[in-house]
Amino acid sequence: MMQRRAFIAYIAASAAAGLLAPRSFAAPLAKIAGAEMRGPIDAIAYKTTPGTNDVRSGKLQAMIDSAARDNTPLFLPPGNYNVSNLTLPDNTRITGVPGASRLVYSGDGHLMSADKARRIELSGLVLDGGNRWLADYAGGLLQFTGVDEMLIDNCEIAGSRKHALQLERCGGRIERSRISGAADSGLYSVQSVGLTVTGNTVEDCGNGGILIHRWDKGEDGSIVTGNRIARIGAKDGGTGQNGNGINIFRAGAVLVSGNRITDCAFTAIRANSASNVQITDNQCLRSGETAIFCEFEFEGAIVSDNLIDGAANGISIANFDKGGRLASVTGNIVRNLSLTGPYPQESGFGIGISAEADTLIADNIIENAPFWGLKLGWGPYLRNLVATGNIIRQTPIGCAVSVADGAGSAVISDNLFQQVEKGVIIGFRWDKPATGDLAVKGQEEFPQLTIEKNRRA
């Protein structure tokens, strides 16, 4: 009887202690050490104290390795973890308390890297570079290569001296995260494999926002949707290599949709040598150069239903001399442009929409373009352009069309022009006016042009 009463008292005391003890997501320590581990590993279970230097102790790396081997999530409680040079093996899953679980880079290399993994997940973490030096080999604060499913969700990545996040040959999703204060770009992805970048905030970066690149031209298939991008600089200068909110380079079949992009030193969305790109339903405000640019060696671009307010130029479909051709530019609003750009340009700034080859320009509204509303062709670089159903107002010349030697065919019809004091449609040889108003008379001299049913309000 006495033994039974002692046992009951022991059970009651143990229950009370359990009620008073702090709750943890951890499995019991004995199970963590054994083979029957089931729940997520908690850093407290390993007696790692937030704020200590795990670079020397190696405890955090050991926990990451152990959790990955057992295919188990690792939970980091709130606190600062001063770490660097973490290597994430396959099946790494690290989660924390959003805004409170902080991995702070302590220097001497990089913060995190992974190579040749099937799946890596980071969620609810703050990854702070502290603007500390990164090693020459490191392209970014976080650097991942050959990861099939790279999943970053609800994280903050801040203060990198280079790229915040560099991906090479990676797929997966970057979503609901905030990337800020990178000296170079927020996200640099090269040779993506089905990457989705959605619902993120990228701001205050030195040279670029979201970069989707390839080493050689080819199908990429990345999706960049629903992101907020703001205050992107061009600290390394150039004429468009830097200063872009979203930059697509050599990457084919990329979808850029539903993004809000503001205050970029150059371009909100720039597609260079990127075929079959689709740029739709974006807000592009206060761009320093051309708001939406499709340039150099591309074939196939859809630019539709975008809103552009404030830029040097609105939309440019350029570089037929390099093979740039084949586009549809429809349903866009372009307004409040500027004559001033970040570098001298032969054709000038303050142009609403320009195109050179095999392009339809239809059903757009252009307002307050201080140079030209439409620019069709440049010198001999004009072929198969159709401009129809557009509303163009408050611009000195409604439409400038090339009549230089070698320029090809264009159809300009059913457009409405208002407040175009220098002319509705004027022919140019390069940057020099060569005709009177072709909407009134004189188009018979240029049989390659069809100009009809345009109205001046």
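Colleague: What is the volume of the largest cavity?

Modeller: First, this is a predicted model, where local features need pLDDT of at least 70, side-chain atom pairs count only at pLDDT 80 or more, and totals for chains, interfaces and linings use all residues. Residues are numbered from 1 along each chain as its sequence is written, and side-chain values use heavy atoms, with hydrogens and water left out. A cavity is a set of points on a 1 Å grid over the protein atoms alone where a 1.4 Å probe fits but cannot get out; grid points are joined across faces, edges and corners, and the volume is the space filled by probe spheres set on the points. The largest cavity comes to about 40 Å³.

Colleague: Which strands each supply at least two residues of its lining?

Modeller: Lining residues have an atom within 4 Å of a point, and here they include Trp-372, Leu-376, Ala-400 and Ser-402. Strands are DSSP runs of E, at least two residues long, numbered from the N terminus. The two strands are S35 (372-376) and S38 (397-402).

Colleague: And the largest pocket: which residues lie nearest its centre?

Modeller: A pocket is an open set of grid points with protein on both sides within 12 Å along at least five of seven lines. The largest one has a volume of about 630 Å³, and strands S20 (244-252), S23 (269-272), S26 (290-295), S29 (313-317) and S32 (351-355) each give its lining at least two residues. Of the 32 lining residues, those nearest the centre are Phe-293, Glu-295, Ala-318, Asn-319 and Gln-345.

Colleague: How many helices and strands does the protein have?

Modeller: Helices are DSSP runs of H or I, at least four residues long. One of them is H4 (residues 59-69), whose buried residues include Leu-60, Met-63, Ile-64 and Ala-67. The totals are four helices and 44 strands.

Colleague: Why does Thr-145 count as buried?

Modeller: Thr-145 sits in strand S9 (residues 140-153). Among the residues it touches, not counting those up to four places away in sequence, are Ala-114, Lys-116, Glu-168 and Cys-170, where contact means heavy atoms within 4.5 Å. Buried means under 20% relative accessible area, exposed over 50%, partly exposed in between (1.4 Å probe, protein chains only). Thr-145 counts as buried because its relative accessibility is 16%.

Colleague: Which side chain makes a polar contact with the side chain of Asp-153?

Modeller: Asp-153 is also in S9, and its contacts beyond four places in sequence include Leu-122, Gly-124, Glu-175 and Ser-177. A polar contact is a pair of N or O atoms within 3.5 Å; within protein, one must be able to donate a hydrogen and the other to accept it, and residues adjacent in sequence count only if both atoms are side-chain atoms. At 2.8 Å, the partner is Arg-176.
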